[in-house]
Amino acid sequence: MNGALSALAPHSSKRISEYAQRHPGTIDLTVGLPSFGPPRSFGERLAVLSGSPGESARPEDRYAHSRGAIELRAAIAQVYRSEQGIDLDPDTQLLVTNGAAGALWIAVLTVTEPGDEVLLADPAYMIYPPMIELLGRRVVRVPTSAADGFALHVPDLRKHLTERSRVVLVNSPGNPTGRVTGGGELADLCTFASEHGLYVIHDEVLDRFAYGIEHRSVAALDHHGHGIAVNSLSKRFGVSGWRIGWMVGSPAVIAEAAKAHTFFMLAVSHAVQLAAAAALRDPEADGELSVHAAEIQRHGERFLADVAQLPGLGGTAFPDGGFYAFVDVGEFARLRGIHVEDSIGSAVAEYLLHECGVAVVPGSAFGRAGERFVRMSFAGGPGQLDRALERLAE
Ligand SMILES: Cc1ncc(COP(=O)(O)O)c(C=O)c1O
């Protein structure tokens with residue numbers, strides 16, 4: 001057995017979300033997925049593809065191109081043209097992967113060697129550290145603080161540089177913090193990275209959920225061939241089950257990444273890629289997405305303004321992006337006299353689960369800097385948020 005795997009604890013929000021599933025009355029704010037359904041164009045194309053099987057296999061019944069179906073890569077390139085104003089070569093700068101999670105693995109594997117270090121903000125999305133460690137690379141956490149919105153500052157990164165530093169892994173809009181890295185800041189980060197020979201892997205899965213601050217892709221701002229954008233359709237269309245993701249990078253990076261991807265899984269589901277291409281090219285789906293994002297923002301703003309009225313939760317604010325509120329529950333725990341064993345966030349998450357039937361993720365799941373926090377998703381729709389609020393208020 002793999003000792004590194006055995007040493008890892010299971011996905012830390014899993015226990016709470018499994019509890020929520022076993023207790024049907026629980027209001028589950030752990031899951032960061034919008035409640036809206038997939039674009040109609042996706043289902044229509046998939047229905048055609050899965051329609052009456054013929055005598056012999058069709059192209060879409062066979063392996064897709066290992067870099068991704070050409071139709072999907074062209075559709076993704078078109079998205080970058082219209083949203084970021086850049087021209088990507090779908091043949092050399094794009095790789096379709098099994099979700100953003102697949103792209104992250106391949107990106108880290110491609111630009112690092114065993115023992116190399118990946119600089120990562122604390123707090124950050126929970127799958128990054130185990131992923132990096134399982135690849136035999138080292139995680140170097142760079143603490144950030146709630147006081148300045150969990151910004152990752154270049155001087156702090158500089159303090160953590162060593163001879164083995166190879167990557168800065170950043171996520172914007174951020175899960176769990178909701179922070180959006182502005183264009184100027186991201187450009188500075190790219191300059192810093194290129195000066196030190198680092199790659200910037202930029203996880204952009206929440207790109208269409210930036211409120212007020214414009215989302216910029218690292219693919220548009222990096223001019224040194226060291227930026228790798230990771231993205232997927234999971235959040236954009238609320239379809240985490242499709243497992244369609246991608247990475248954008250320089251031709252040199254993508255050529256190596258494509259090799260890793262081929263050896264790892266040969267290719268991603270061909271039919272789903274073709275249906276995903278139809279959804280990405282569908283202007284109606286894009287319009288619906290903007291409406292959904294605005295709705296999530298409106299409902300989230302109202303929900304969090306009400307949460308902030310509750311005793312001990314006055315510091316709760318609406319984030320710049322994403323659909324998570326990272327709520328400081330230190331004062332709430334003190335007012336309620338909640339016994340803390342492990343971390344304040346874990347104690348409050350247990351309390352909310354058992355006393356209110358509301359499931360949230362303890363902030364410690366994202367790193368030590370998250371210990372006073374819990375993460376609440378506000379993507380689930382107004383009905384769910386109203387019920388959660390009633391219970392919290394009680
Ligand atoms: C920040 C972030 N990155 C990556 C992922 C994984 O995305 P995918 O479903 O495309 O693998 C998630 C899923 O929640 C996420 O929140």
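Visitor: How far apart do the C-alpha centres of domain 1 and domain 2 lie?
Guide: Domain bounds come from an automatic or database domain assignment. Here the C-alpha centres of domain 1 and domain 2 are 26 Å apart. Domain 1 covers 3-30 + 285-393, and domain 2 covers 40-281. This is a predicted model: local features need pLDDT of at least 70, side-chain atom pairs count only at pLDDT 80 or more, and totals for chains, interfaces and linings use all residues. Residues are numbered from 1 along each chain as its sequence is written.

Visitor: How many residues does each domain put into the contact?
Guide: Two residues are in contact if their C-beta atoms, placed from the backbone, lie within 7 Å. Domain 1 gives 28 residues and domain 2 gives 30.

Visitor: Which element gives the most to the side of domain 1 that touches domain 2?
Guide: Helices (H or I, at least four residues) and strands (E, at least two) are DSSP runs, numbered from the N terminus. Helix 12 gives the most, with five residues. Helix 1 (3-6), helix 12 (283-307) and strand 9 (324-328) each supply at least two. That side of domain 1 has 15 nonpolar, nine polar and four charged residues. Ala, Val, Leu, Ile, Met, Phe, Trp, Tyr, Cys and Pro count as nonpolar; Asp, Glu, Lys and Arg as charged; the others, Gly among them, as polar.

Visitor: Now the sheet. What is the strand order?
Guide: Strands of a sheet pair through backbone hydrogen bonds, either parallel or antiparallel. Two strands pair if DSSP finds at least two bridges between them. This open sheet of seven strands has the order 2-8-7-6-5-3-4, with mixed pairing. Strand 2 (94-98) and strand 4 are the edge strands, each pairing on one side only.

Visitor: How many bridges join strand 3 to strand 4?
Guide: Six, between residues 117-122 and residues 138-143, and the two strands run parallel. Val-118 of this pairing stands opposite Val-139 in strand 4, and Asp-122 stands opposite Pro-143.

Visitor: Last, the ligand. Which residues come nearest?
Guide: A residue is near a molecule or strand if its C-beta atom, placed from the backbone, lies within 6 Å of it. Of the 13 residues around the ligand, Gly-99, Ala-100, Ala-101, Ser-232 and Ser-234 come nearest.

Visitor: Where does the largest share of the shell come from?
Guide: Helix 5 (residues 99-111) supplies the largest share, three residues. The shell divides into four nonpolar, eight polar and one charged.
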